[in-house]
Amino acid sequence: MSKASPEHGGDRKPGVIGTVWKLVTNNFIFRTVFRTGFPDTMLKRMAVMRSSFLMHILPTKVGVHGLKLYYTWCMGGITFFLFLLLTLTGVLLMFYYIPEEHRAYNDMKDLLYMVPYGRILRNMHRWGAHAMVFTVILHMARVFYTGSYKTPRQFNWVVGVLLLTITLLLSFTGYLLPWDQLGFWAVTVGTNMAGATPFIGFEGPFSELLGAQIDNDIRFAMIGGTRIGANALIRAYVWHCVGLPLIASGLILFHFYRVRKDGFSGPL
Ligand code: HEM
């Protein structure tokens, strides 16, 4: 076995601190918790990354360059932080909001004027959502400009595109929930556009090929009817609070797993 380099204290005689350190680290209990021992060699450092529950999602080797703040601007990390913040504030909002035609708008107003800290809760969720759209686009731009989408990360780029789509869909479905004029008409316009989708929209080209009608096309599936009403509200709510966040969580986990397996981009 090769000796540790002098800067790691390999050949030096241990002083008092060295002896105490040895006593603390060289025993059964310490080794049960920190299985690899003190990570003073490259091999041990990699073993820490492999065996620790928290660290194992990170790559075992990362080039110093890739860790520089100006390389990533931590935009992926900030996007993930915002996703967690939105999940937390979203769950808290669910305690005060009922997706019912005659209640939704009033529940929003109650949150603003009656519920203690309701305004800040709602605004954290709202501004957090705007910020997440912003940071995910910046993250994608960074990945593009550093060429990190190239082999072997092209598949993770595709996973990223799905994540971008889910992020935008989360914003779109959340838009309807306040049940105010802005959201109501924005979603009316958005879902009307879906009615013009080729093949599966009743107003789109080739709609006759699949027999798409006003009451069986993609727009009908999205809003549960032919115009925005109670059915559209409950559909938007379930997709916004359950369906899309679950899909996003799975994709984010897979995205991180791929970052780990592909190794982080940038020169080593
Ligand atoms: C919810 C959305 C997303 C989250 C939470 C997320 C998170 C992350 C994180 C934490 C990293 C590690 C490096 C970094 O912080 O920059 C990363 C890397 C990466 N992301 Fe994302 N990402 C998201 C969306 C996207 C999108 C939209 C794309 C592209 C279309 C993308 C493509 C990639 C690629 C290719 C890497 C590897 C980059 C490298 O090795 O330099 N991601 N992502």
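**View 1. Ser 265, a buried residue in the segment after α13****.** With a relative accessible area of 9%, Ser 265 is buried (buried means under 20% relative accessible area, exposed over 50% and partly exposed in between, with a 1.4 Å probe and protein chains only). The residue sits in the segment after α13; helices here are DSSP runs of H or I with at least four residues, strands are runs of E with at least two, and both are numbered from the N terminus. The side chain of Ser 265 makes polar contacts with the side chain of Tyr 71 at 2.7 Å and with the side chain of Ser 148 at 2.9 Å. A polar contact is a pair of N or O atoms within 3.5 Å; within protein, one must be able to donate a hydrogen and the other to accept it, and residues adjacent in sequence count only if both atoms are side-chain atoms. Not counting residues up to four places away in sequence, Ser 265 touches Gly 66, Tyr 71, Arg 142, Ser 148 and Arg 153, where contact means heavy atoms within 4.5 Å. Please keep in mind that this is a predicted model, in which local features need pLDDT of at least 70, side-chain atom pairs count only at pLDDT 80 or more, and totals for chains, interfaces and linings use all residues. Residues are numbered from 1 along each chain as its sequence is written, and side-chain values use heavy atoms, with hydrogens and water left out.

**View 2. Gly 263, also in the segment after α13****.** Gly 263 counts as buried because its relative accessibility is 18%. Leaving out residues up to four places away in sequence, Gly 263 touches Pro 59, Arg 153 and Arg 258.

**View 3. The shell around the ligand.** Of the 23 residues around the ligand, His 139, Arg 142, Gly 160, His 255 and Ser 265 come nearest; a residue is near a molecule or strand if one of its heavy atoms lies within 4 Å of it. A polar side-chain atom of His 139 is 2.8 Å from a ligand nitrogen. On the oxygen side, an N or O atom in the side chain of Arg 142 lies 2.9 Å from an oxygen atom of the ligand, and for the side chain of Ser 148 the value is 3.2 Å. Two or more residues of the shell come from each of α6 (75-94), α8 (118-145), α9 (154-176) and α13. Which element gives the most to the shell? That is α8, with 6 residues. By residue type, the shell divides into 12 nonpolar, 9 polar and 2 charged. Here Ala, Val, Leu, Ile, Met, Phe, Trp, Tyr, Cys and Pro count as nonpolar, Asp, Glu, Lys and Arg as charged, and the others, Gly among them, as polar.

**View 4. The buried side of α7.** In helix α7 (residues 104-113), the buried residues are Ala 104, Asp 107, Met 108, Leu 111 and Leu 112. They lie on the same side of α7 because they cover an arc of only 140° around the axis, the arc being that of the directions from the helix axis to the C-beta atoms. An α-helix has 3.6 residues a turn, so residues three or four places apart point the same way. The buried residues of α7 pack against α6, α8 and α13.

**View 5. The buried side of α3.** Met 46, Ala 47 and Met 49 are buried in helix α3 (residues 42-51). Their arc around the axis is only 160°, so they too share one side of α3. Among what covers these buried residues is α13.

**View 6. Thr 191 in helix α10 (residues 181-194)****.** Thr 191 is buried, with a relative accessible area of 3%. A polar atom of the Thr 191 side chain lies 2.6 Å from the backbone oxygen of Val 187. Neighbours within four places in sequence aside, Thr 191 is in contact with Phe 172, Arg 219, Met 222, Ile 223 and Ile 228.

View 7. Tyr 117, in the loop between α7 and α8, has a positive phi of about 60° although it is not a glycine. Trp 179, in the loop between α9 and α10, likewise is not a glycine but has a positive phi of about 60°.
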